[in-house]
Amino acid sequence: MAPYFLFVHYTLVTLSLRARSGSRDYAKSHPFASWFVCLVSCLGGALISAFLLGKSTLNVFYVNNTNLIYITIVWYLVMFSPADIFYKIVNINAVKAIILVLKEVQRVRNIQNGVNTVAETYRGSSLDQIFFVAVLIGSVRGSGAKFLMRPLDSFIRGTIGADNEFLKPTFSTKHAVLSSILILLQRMGYFKMDEPLLITILFAIAATVQLALLFTDIEDPYKKIEEVLAAILFKFPDEAVKEVKKKKD
């Protein structure tokens, strides 16, 4: 099933690239630059994790020769298919819903593989020692394309903007971080649950939210949590000090 999940991943990444303003016209006038951004973005999780773990990033391209062909085919179909037929088909809500669900299957497995990679790399270290690294790599493996695509596309086009995943993280990135943390906490014994069951629950939540975001007008569910935490951690201390000063005055 691996090629099909990769095809789904490459399709979603290329659709995200196409959704950027002027991307199709840019691809027509600068096809190599557009293809290169798509290529690097599709392999973003593997590239970033290899770099962070001190491994050769070039090996990612060497090991994935067949995948380079898949990426090229998907990029061409999304950008240049006759009558734009492929782009129109994959943008039908019913088709896109299936693609999004399949993508979440791959995403949660990539997160799990990222955590496993760190555990193997730092074999002999306890989980609490490698906790931050495992969360970082798991998150990157789950949402690496989002970290690379927007900054790289803007850089190659010669535009400057603050449109990147660090400043404006999407639901996928936030859920990847949370999933990495929960997988590690489960392995450390903080709660009793079989890991396959945890993986299934994380997938079900992500798939449900992605479908809700597609078919309804709801916002990122993590946004409300962020607003509450931001108010408690960042606004409340200043307001408390101001309140104390008012009482003294």
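Colleague: What classes of residue line the largest cavity?
Modeller: Five nonpolar, two polar and two charged residues. Keep in mind that this is a predicted model.

Colleague: Which residues are they?
Modeller: The lining of the largest cavity is made of E104, R107, V108, I111, H175, S179, L202, F203 and A206. Helix 8 (93-121), helix 10 (171-187) and helix 11 (195-215) each give two or more residues to that lining.

Colleague: Which helix gives the largest share?
Modeller: Helix 8, with four residues.

Colleague: How much space lies in that largest cavity?
Modeller: About 40 Å³.

Colleague: And how many cavities of 30 Å³ or more does the structure hold?
Modeller: One.

Colleague: On to pockets. What lines the second largest pocket?
Modeller: I48, L52, L136, S139, V140, F147 and F166. By class, six are nonpolar, one is polar and none is charged. The space in this pocket is about 160 Å³.

Colleague: Which helices supply at least two residues there?
Modeller: Helix 4 (44-52) and helix 9 (131-157). Helix 9 gives the most, four residues.

Colleague: Now the surface. Which residues form the nonpolar patch?
Modeller: I225, V228, L229, I232, L233 and F234. Together they have about 610 Å² of accessible area.

Colleague: Where is I225?
Modeller: I225 sits in helix 12, residues 221-248.

Methods
Residues numbered from 1 in each chain as written. Predicted model: local features only at pLDDT ≥ 70, side-chain atom pairs only at ≥ 80, totals over all residues. Heavy atoms only, no water. Patch = residues over 30% accessible without salt bridge, like charges linked within 9 Å, V, L, I, M, F, W, Y side chains within 5 Å. Areas by Shrake-Rupley, 256 points an atom, 1.4 Å probe, with all protein chains shown as cover. Salt bridge = Lys/Arg side-chain N within 4 Å of Asp/Glu carboxyl O. 1 Å grid on protein atoms, 1.4 Å probe; cavity = no way out; pocket = protein on both sides within 12 Å on 5 of 7 lines; lining within 4 Å. Points joined across faces, edges and corners; volume = space filled by probe spheres on them. Nonpolar A, V, L, I, M, F, W, Y, C, P; charged D, E, K, R; others polar.
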